[in-house]
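Here are my notes on the model you sent.

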Amino acid sequence: MSRRAFVRTACALALAALVPAFAQDAYPNKPIRLVVPFPPAGGTDVLSRAIAHAIQLNTKWTIVVDNKPGAGGNIGLDAAAKSAPDGYTIAMGQTANLAVNPALYSSMPYDPLKDFAPIALVSSQPLILVVNTGSAFKTLKDLVDAAKASPGKINMASSSNGTIGHIGGELFQRRAGIKMTHVPYKGAGAAVTDLMGNSVDCFFGNSQAVGGLVNGGKLRALAVTSPRRLANYPDVPTVAELGYPGFEAATWSGLLAPAGTPKAVIDRLNAEANKALGTEAMKQKLAEDGSTPLGGTPEQFAAFIKSEHAKWGTAVRDAGIKLD
């Protein structure tokens, strides 16, 4: 090989090596789609839009929220899992569709442990058991006593089959020895609307979905499912302190990408998610919602999903809950 040919070849190889780095530095060069597997106005949607906004403020990226509700979040996450693993489709996963649903359904359209590249945990929040302010149920004991007196007569709403609001409610019924009729909705917004309209009797919702209405006097909070009372609702007792020690149910959320998304892209998204969670505006937003910011590495999120998958799977199977 001549010296000129050698130099030309060497330059070509060096340029080829630089292209991936250049492409990585240019990411993203078009809008990123954030799939939210629940309808607008619910807790997952509010959280997703909040962190998308925080990331956009820090980076000037364009993040477009795409609501794809249905089947307890399975439809939206399935769409995300089957998207191109190029960093331009991400999703907001949560306890229900990553840890609970695999035990509820005999078959799943995706494998939560294999079909996603975890990006970062975002936050966790307990549930608040609420009723209409005009309800005869002033306390948790009132609700339990009524349910015991008339099994199946009390209607318990949830934002969807398989959500923590659903499973947490089912587990509480077993713990309290009562039976309520489960009424699933396609999102927290619709459930809350019917609760306020007296079409259903109670709802286990996260603070993002019901907190503002509790503060505004439009819903009455009977109990929270956290180990300790929430700072924002110091007068609302925990389920545990009302006679059910050890009872706890919380939902968590985190950002995911399709499996196979380049690690450099995952790391960039992770860095921006953690940066967003560290902003005062995001901290204040989460605190107002009764949420705890989480963050961390993709590897930590992957390990967390695996442990939660085992934990909730055992709880669902032990409770004998199936949806098909």
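**Notes on the model**

1. Start with helix H4. The residues of H4 that are buried are Thr-95, Ala-96, Asn-97, Leu-98, Ala-99, Val-100, Asn-101, Ala-103 and Leu-104. That is 9 of the 10 residues of H4 (residues 95-104), so this helix is largely enclosed by the rest of the structure. What lies over these buried residues? The cover includes helix H3 (74-81), strand S3 (89-94), strand S4 (116-132), H6, S9 and helix H11 (298-319).

2. The model is predicted. The protein chain has 11 helices and 10 strands. Its C-alpha trace spans about 95 × 40 × 30 Å along the principal axes. Of the 324 residues, 51% are buried. Among contacts with a separation of 6 or more, 78% join residues 24 or more positions apart.

3. Nonpolar cores. The largest nonpolar core holds 46 residues. Which of its members touch the most others? They are Leu-140, Leu-143, Phe-172, Met-180, Cys-202 and Tyr-244. A second, separate core has 30 residues, including Ile-90, Leu-255, Ala-276 and Leu-277.

4. Leaving out residues up to four places away in sequence, Phe-172 touches Leu-140, Val-144, Ile-178, Phe-204, Val-239, Tyr-244 and Phe-247. Phe-172 is buried, and Phe-247 is buried too. Phe-172, Phe-204, Tyr-244 and Phe-247 make up one aromatic cluster.

5. Aromatic pairs. There are 8 aromatic pairs. In one of them, the ring centres of Tyr-27 and Trp-61 are 6.0 Å apart and the planes stand at 70 degrees, so the pair is edge-to-face. The cut-off for that label is over 60 degrees. This pair links distant parts of the chain, 34 residues apart. Tyr-27 sits in the loop between helix H1 (3-26) and strand S1 (32-36), and Trp-61 in the loop between helix H2 (43-59) and strand S2 (63-67). Both Tyr-27 and Trp-61 are buried.

6. Phe-172 belongs to helix H6 (residues 164-176), while Phe-247 lies in the loop between strand S8 (219-224) and strand S9 (250-258), so the pair ties together parts 75 residues apart in sequence.

7. A charge over a ring. Which residue lies over the face of Tyr-88? Lys-30 does, at 4.7 Å from the ring centre.

8. The structure holds 2 cavities of 30 Å³ or more. The largest cavity contains about 210 Å³ of space. Its lining has 20 residues, and Thr-44, Gln-94, Ser-159, Thr-163 and Asn-206 lie nearest the centre. H2, H6 and strand S7 (202-206) each supply at least two lining residues. Which element gives the largest share of the lining? S7 does, with 4 residues.

9. Last, a loop proline. Pro-262 is in the loop between S9 and helix H9 (263-277). Is Pro-262 buried or partly exposed? Its relative accessibility is 37%, so Pro-262 counts as partly exposed; the buried class ends under 20% and the exposed class begins over 50%. Pro-262 and Leu-286 are 24 residues apart in sequence, and 30 Å separate them in space, C-alpha to C-alpha.

How values were computed:
Residues are numbered from 1 along each chain as its sequence is written. This is a predicted model: local features need pLDDT of at least 70, side-chain atom pairs count only at pLDDT 80 or more; totals for chains, interfaces and linings use all residues. Side-chain values use heavy atoms; hydrogens and water are left out. A nonpolar core is a set of buried Ala, Val, Leu, Ile, Met, Phe, Trp, Tyr and Cys residues joined through side-chain atoms within 4.5 Å. Buried means under 20% relative accessible area, exposed over 50%, partly exposed in between (1.4 Å probe, protein chains only). Contact means heavy atoms within 4.5 Å. Rings of Phe, Tyr and Trp (its six-membered ring) pair if their centres lie within 6.5 Å; planes under 30 degrees apart count as stacked, over 60 as edge-to-face and the rest as tilted. A charge sits over a ring if NZ of Lys or CZ of Arg is within 6 Å of the ring centre and within 35 degrees of the ring normal. On a 1 Å grid over the protein atoms alone, a cavity is a set of points where a 1.4 Å probe fits but cannot get out, and a pocket is an open set with protein on both sides within 12 Å along at least five of seven lines; lining residues have an atom within 4 Å of a point. Grid points are joined across faces, edges and corners, and a volume is the space filled by probe spheres set on the points.
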